[in-house]
Amino acid sequence: MTRILPDGPQIDIHRVALERQDDFDGWRDAARGLVEAGVPPEAVIWTVEGQTDELFGSQPPPEPSGGGFSVPNAFIGLAKTVVCHRDPERFGLLYAMLWKLRRNRRAMEDRADPLLDRLRRMEKEVRRDAHKMHAFVRFREMDDGNGERMVAWFEPDNHIVRREAGFFMRRFNNMRWSILTPQLCIHWDGETLSESPGATKADAPGGDPVEETWKTYYKSIFNPARVKVKAMTAEMPKKYWKNMPETEAIGELLATAQAREAAMIETSRAQESPLFSTAPVSSWEELARLARERHGADPSNSGTQLVFGEGNRNAKLMLVGEQPGDEEDTAGRPFVGPAGQLLDDMLERAGIERSNLYVTNAVKRFKFVQRGKKRIHAKPTTGDIEHYRWWVEAERELVQPGLTLALGATAARSITGKTVTISKVRGEELALPGGGTGMVTIHPSYLLRLPDKAARTEQRARFIDDLKRAADRAAALAA
Ligand code: URA
């Protein structure tokens with residue numbers, strides 16, 4: 001089939017039939033061959049196997065020559081996520097971006113580009129859908145003939161089921177489970193993952209004792225002082241309520257909210273440092289609101305402020321430090337003082353752009369002792385770390401980094417939930433509670449304190465290596 005392009009010449013149309021809705025490998029191979037053969041985006045029609053169309057006579061894509069066409073990692077990460085979007089134009093849009101990158105390797109930096117903007121929005125929607133799946137899948141117990149199996153019904157907006165299988169494998173590793181969705185079902189038997197075609201809600205079992213567990217859990221995390229029905233429905237869209245047993249409990253909980261609030265005030269008076277629920281936080285707005293509600297009051301009028309994490313909210317690599325220092329407290333931003341400047345220098349030497357990272361701290365408020373005019377850093381206690389842990393977990397859940405790098409022992413305790421010896425685990429990949437991968441290295445302030453020049457040089461080089469390894473692994477794991 002031949003098409004006449006607006007600017008004149010006739011070109012052959014190529015048709016690519018991908019094997020699956022989320023077929024990144026198929027898209028990449030076809031796109032490579034097409035770019036190498038100089039086929040412009042207007043001359044390619046992308047379909048998914050099984051879709052019928054009228055394009056008899058169009059040509060398949062050229063085979064890649066293996067000539068090597070490299071693109072920035074940022075594009076690969078974007079493409080791997082965007083292929084899971086429901087928009088049928090996604091493959092063509094990604095190819096158009098690739099076409100741009102062939103001419104301009106810095107095209108991913110052009111913030112004014114409407115195509116890149118659209119792709120970024122699609123990427124966000126996929127991530128948000130994945131986050132909802134993590135938070136709202138609810139298993140029911142059934143017997144599948146071979147024993148107990150947990151089965152959940154979920155209706156994602158995008159083609160994310162395969163992409164998110166790893167999350168559920170890590171989180172529910174010891175269970176046999178199935179997640180049924182209209183497009184695709186996935187099954188875990190404790191060792192292997194398998195797939196079957198889409199199902200209907202009728203295939204999923206109804207109520208059973210697991211529902212009681214969820215209801216009890218939900219009642220225990222329900223905070224009557226925070227009841228805002230509008231916000232609640234925004235964060236837990238009604239669409240998901242029908243599949244979530246605990247939502248049945250909402251009416252009753254609301255009805256008794258006042259009495260429960262009074263009881264909670266009593267209880268919190270009796271507790272020195274209440275820890276907060278780890279119920280999923282589903283948006284940055286909710287996180288900011290909860291952070292202010294829970295930690296806004298300045299303990300003992302220290303004059304300090306909460307220092308929020310900052311950076312790329314889609315980062316592959318997330319850095320967690322100890323706590324804000326004197327300068328961070330003044331600026332209200334993490335890692336801007338001496339340790340931050342050293343960190344920036346080390347990142348630059350490792351070839352890592354800080355703007356690509358999400359940077360935060362385990363403890364969100366500067367803790368110090370006053371010596372004359374100076375505020376001297378005081379080490380956070382385990383209690384301080386636990387107090388803010390829900391917040392760091394929420395940041396990890398929202399960013400979904402490929403890897404979280406803990407800088408120093410406080411951060412390591414925060415992300416692993418355990419006290420770890422840095423020299424024993426440094427550089428190793430660690431499975432984190434609640435999912436995700438972590439790594440531990442030293443805190444940059446350790447490098448500032450080394451008196452001996454030779455040791456300093458050696459330790460800085462080692463720290464740079466750790467940063468490089470963390471960034472490489474983060475890119476691979478986020479893929
Ligand atoms: N040290 C940290 O751990 N975090 C900061 O933000 C600054 C110094």
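Okay, let's start with the strands: strand 3, residues 14-18, pairs with strand 4 in the parallel sense, over five bridges. Pairing here takes at least two DSSP bridges between the strands. Within that pair, valine 16 has tryptophan 46 of strand 4 as its bridge partner.

Quick housekeeping. This is a predicted model, where local features need pLDDT of at least 70, side-chain atom pairs count only at pLDDT 80 or more, and totals for chains, interfaces and linings use all residues. Numbering runs from 1 along each chain as its sequence is written, and side-chain values use heavy atoms, with hydrogens and water left out. Helices (H or I, at least four residues) and strands (E, at least two) are DSSP runs, numbered from the N terminus.

Back to strand 4, residues 44-48. Five of its five residues are buried, buried being under 20% relative accessible area with a 1.4 Å probe, protein chains only. Val44, Trp46 and Val48 point one way, Ile45 and Thr47 the other, and all are buried.

Now the helix pairs. Helix 1, residues 24-36, packs on helix 3, residues 90-103, at about 45 degrees, with the axes 11 Å apart. Those axes are lines fitted to C-alpha atoms over the stretch in contact, and angles run from 0 to 180 degrees between N-to-C directions. So helix 1 and helix 3 are oblique to each other; under 35 would be roughly parallel, over 145 roughly antiparallel, 65 to 115 roughly perpendicular, and the rest is oblique. On the helix 1 side, Trp27, Ala31, Leu34 and Val35 do the meeting; helix 3 brings Phe91, Leu94, Tyr95, Leu98, Trp99 and Arg102. By class, that contact has nine nonpolar residues, no polar and one charged.

And how do helix 13 and helix 18 cross? Helix 13 is residues 338-349, helix 18 is 453-478, and their axes come within 9 Å at roughly 65 degrees. That makes helix 13 and helix 18 roughly perpendicular to each other. Leu342, Leu343, Met346, Leu347 and Arg349 of helix 13 meet Arg460, Phe463, Ile464, Leu467 and Lys468 of helix 18, where contact means heavy atoms within 4.5 Å. Here the classes come out as seven nonpolar, no polar and three charged.

Last one: helix 15, residues 409-416. Seven of its eight residues are buried, so helix 15 is largely enclosed by the rest of the structure. Those buried residues pack against strand 11 (317-321), helix 14 (382-399), strand 15 (403-407), strand 16 (430-431) and strand 17 (437-441).

Methods:
Nonpolar A, V, L, I, M, F, W, Y, C, P; charged D, E, K, R; others polar. Buried < 20%, exposed > 50% of the residue type's maximum accessible area, 1.4 Å probe, protein only.
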